[in-house]
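Here is a friendly briefing to read with the model open beside you.

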Amino acid sequence: MSYQSEAQLEDNLIKQLAKQGFNKVKIANEEELKNNFRNELFEHNKSKLNNQPFTDKEFERILRHVEGKSVFQSAMILRDKFILEREDSSEVYIEFFDSKNWCKNRFQVTNQTTVVELKRRGLDLKEAFNQINRYKKHSYQGLYRYLQIFVVSNGVDTKYFANSDKEILFSQTFFWSDEENKRISNLKDFTQTFLDKTFVSKVIARYMITNETDKLLMVMRPYQIYAVESLINRAFETNNNGFIWHTTGSGKTLTSFKASQILAKEPNIKKVFFLVDRKDLDSQTLAEFNKFEPDSVDTTDKTDTLVKQIKDINKPLIVTTIQKMANAIKNDKYSNIMNEYKEEKVIFIIDECHRSQFGQMHKAINKHFTNAQYFGFTGTPRFFENRSQEGRVTADLFEKCLHTYLIKDAIKDGNVLGFSVEYIKTFDGGFDENDDEKVKAIDKEEVFMCDERIDLVANNIINIHNAKTKNKQYTAIFTVQSIPMLVKYYDKFKEINHDLKIAGIFSFGANEESEGKDEHSRDSLERMITDYNKMFDTNYSTDTFSSYFSDVSKKVKTAKIDILIVVNMFLTGFDSKTLNTLYVDKNLKYHDLVQAYSRTNRVEKSTKPYGNVVCYRNLKKNTDDALCLFSQTDNTDVVLMESYEYYLSLWHSELKKLYALTENPEDVDSLQSEEDKKKFILAFRDLTKVLTKLKTFTKFEFNKDTLGMSEQSYQDFKSKYLLIYDDVKRKDDEKTSILADIDFGIELMHTDKINVGYIMNLIRDIDLSDKEKQARDIKNVITELDRADNEDLRLKVDLLKEFLNKVVPKLESNDDIDVAYEQFEEAKREEDVEEFSKEIGLNRYKIKDYISEYEYSGIINRQEISEEIKVELKPKFTLRRKLIDQVKNFIYDHVRKYA
């Protein structure tokens, strides 16, 4: 056979697991599953139970405790103990899983329970993933809710991912790797390493996260696991320091916090302090930390609060700022409490440890805590090339790098995006703007600040912004050299005719020298905030700067601000998936450059293929130097995206494949077999992926002579593509359709950021306390609805407009908009069913039953509908088929409309 069959793959996997110590069992049905659980639970708790097996009543009590729970609740139960009342009235603690001595758990393998989903070699891994999602939806009830990790493999490629109550995205599946970040994708090697019985139980015990805020179960990625392992080994076995170098955007917060949690549970470690810089402790950071460890963050500005936490013996883990810790040590009034920990073993975890702030305060902290260990996390360490002003490098403070995960590794794994960098020349001259020797006689600042250049750059940004941000689906930051330059750009943008929402933010100097200036920087910022208030109907000022900062942060993350102009703010530690573009008019190098560029490269979906950077300075050498340094390579190809010419050539290659299948859009209708339709779907999807990349280049035009296809022809092909997509979604035989498991990449087909979630957030923000403002808010939301082209939102437009026009004006200030909308939508659902019931002549309760079944299982029972129509309506055979399709389509559209 040219390909190994799924049965062969499965057989080989079971044999390998059996060799690795898993006991092979046969579980044919749910009853056998429960009996097996009963036996294994008894064996696991045998000594506590005095060798007395569970009686039927006792096991019934256990089942009542464990069944009928969500995946998240089940994960919490698994990690907890249960007090079982025995029939003799004694009580005993039952343990489901030993999370401390994980190798003492019990290990079995069966080929009846689909936790490892195998597809034969050569098939797309995503088909196995989609099948898991269907099993999750249709079959995984009862004890199956205790599944923690899924594995999908086609033999060649293998990935793992955590179970969830929510829809699992393919982007949340991970390859396994070794400690050097070398991928382990072959099923045999994966099984030998990851599915080693001791290791996989260790992953479940130690390296899964129960996110209490989102009620979410998460599993760590390989590099995160290796980093935590190396750090805690260093802490347990030595008194030496260390640092973790994981590239920006790779999930350092989760890694560092998991390490902190494990260390905080060690009895001989008295306190673990997680230190962040004050300017990084924004609302996002607080929310992230509290997801992993509720109420761990000291949110106040008062050092008193921190000292109270230190005094509390029930708080082994404290998140606070570097600045506040330094204050607690320096202030004599706290000396009694602080001195209690002077000689105890305490551990400091330092976030963004390349920052100079910690270097300045390290001496004072180190002098006080004589038995402290320090562990740093950074995406951009200090080396000799980018050493601090005092000449220090990261290793001077933290000694040894314990684990690395570089930007090239993260891009290869798909955990962050690469960069597309364009350099735009803004003035002519026979000199390098960065070469001070050649430009001593030139006032560089005057050249960069001249009106003509500012006008040229500002207009260029306006012209290219839609292309760069996919028609404002994404947002941008514009970083400039100085506050005067920021103000000048801001005022220039106000002069130009555009529809972009542009804001500015910077720190003003309280005692700034104003001589020779037309305007104090605080007054400039006040003007910007006044404009912001008009734009967003807010009420901030420089007196409430921190609130303004928080609101700006929120609006950038939700893409409500199109361009935010900054000097230094938001260039480090700011994470936003909807930010995809950075405009640069300042000199950046080494860690500052990589940190700034990395604001753009958070993974979102396929419409965001990479982070866009547009430089209005000659930063080519600086970019190459920085990316080579932080990738530990001489080659930037792995980090920087290819040229426009490369993607144009790729477009023609993909277009050739499409034309080989269908020369024109009309030919798509002639495709009979699902195999041919599949080939078309894949060909057009791959062509669209290239188009998504091409469109981000400023030189792109949809020109038939250049592309070999007109824009109208592309749109016609797209219409055919969407028709097939809709048809597949309506099928009730999804289990047998080969198209059901295909990744259509449907989000590539839509460019508008205005989706259901975006509109619902706007509705939630409507001010119910001010009727005049409420009317303006409603008008704004309706305007947004009118220009939406999102597939799912189109189904809801009329529904939402009716809610806005008829219901919202009647709400009181203390009413809950979400509750009001749910009540309105439920009433409309009933109304729609009632109308359709009368139109077609079927009992509305029957229609509701079909809808409920489809919502639960994803299946529309065509046979049942046919029988009902036959009995109730007695139509001719040809009409019956038409009526069945009408009912099916109503159910499908109704569920999508009210999703």
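This is a predicted model: local features need pLDDT of at least 70, side-chain atom pairs count only at pLDDT 80 or more; totals for chains, interfaces and linings use all residues.

Residues are numbered from 1 along each chain as its sequence is written, and side-chain values use heavy atoms, with hydrogens and water left out. Helices (H or I, at least four residues) and strands (E, at least two) are DSSP runs, numbered from the N terminus.

**The sheet around E7**

- Strand E6 (residues 149-153) runs antiparallel to E7, and the two pair over five bridges; strands count as paired if DSSP finds at least two bridges between them.
- The open sheet here has three strands, ordered E5-E6-E7, with mixed pairing.
- Strand E5 (116-118) and strand E7 (158-162) are at the edges with a single partner strand each, so one side of each has no neighbour in the sheet.
- On average, and with direction ignored, neighbouring strands of this sheet are turned by 20° against each other.
- As background, strands of a sheet pair through backbone hydrogen bonds, either parallel or antiparallel.

- Strand E16 (residues 372-378) is largely enclosed by the rest of the structure, because seven of its seven residues are buried (under 20% relative accessible area; exposed is over 50% and partly exposed in between, with a 1.4 Å probe and protein chains only).
- Ala372, Tyr374, Gly376 and Thr378 cover one side of E16, with Gln373, Phe375 and Phe377 on the other, and all are buried.
- Strand E12 (residues 242-246) pairs with E16 in the parallel sense over four bridges, and Trp245 has Thr378 of E16 as its bridge partner.
- Strand E15 (residues 346-351) is also parallel to E16, over six bridges; here Asp351 is partnered by Phe377 of E16.
- E15 has six of its six residues buried, so this strand too is largely enclosed by the rest of the structure.
- From E15, Val346, Phe348 and Ile350 point one way and Ile347, Ile349 and Asp351 the other way, all of them buried.
- Strand E13 (residues 271-276) pairs with E15 in the parallel sense over five bridges, with Ile349 of E15 as the bridge partner of Phe274.

**Aromatic pairs**

- The whole structure holds 54 aromatic pairs; rings of Phe, Tyr and Trp (its six-membered ring) pair if their centres lie within 6.5 Å, and planes under 30 degrees apart count as stacked, over 60 as edge-to-face and the rest as tilted.
- Phe478 and Tyr583 are an edge-to-face pair because their ring planes stand at 90°, with the centres 6.3 Å apart.
- This pair links distant parts of the chain, 105 residues apart: Phe478 is in strand E19 (residues 475-480) and Tyr583 in strand E22 (residues 579-585).
- Phe478 and Tyr583 are both buried.
- Tyr644 and Phe697 are edge-to-face as well, at 5.5 Å centre to centre and 70° between the planes.
- Tyr644 belongs to helix H24 (residues 644-661), and Phe697 to the loop between helix H25 (674-694) and helix H26 (704-707), 53 residues apart.
- Tyr644 is buried at 8% relative accessible area, and Phe697 is buried at 7%.
- A cluster of linked ring pairs takes in Trp651, Phe680, Phe684, Phe700, Phe702, Tyr714, Phe717 and Tyr721.

- Asn181 has a positive phi, near 65°, and sits in the loop between strand E8 (176-177) and strand E9 (183-184).
- With 6% relative accessibility, Asn181 is buried.
- Asn471 also has a positive phi, near 55°, and lies in the loop between helix H18 (451-468) and E19.
- Asn471 is partly exposed, at 46% relative accessible area.

**Helix packing**

- Helix H19 (residues 483-495) packs against helix H20 (residues 521-536) at an angle of about 35°, with the axes 11 Å apart; axes are lines fitted to C-alpha atoms, for helices over the stretch in contact, and angles run from 0 to 180 degrees between N-to-C directions.
- H19 contributes Ile483, Leu486, Val487, Tyr490, Asp491 and Lys494 to the contact, and H20 contributes Ser521, Ser524, Arg527, Met528 and Asp531 (contact means heavy atoms within 4.5 Å).
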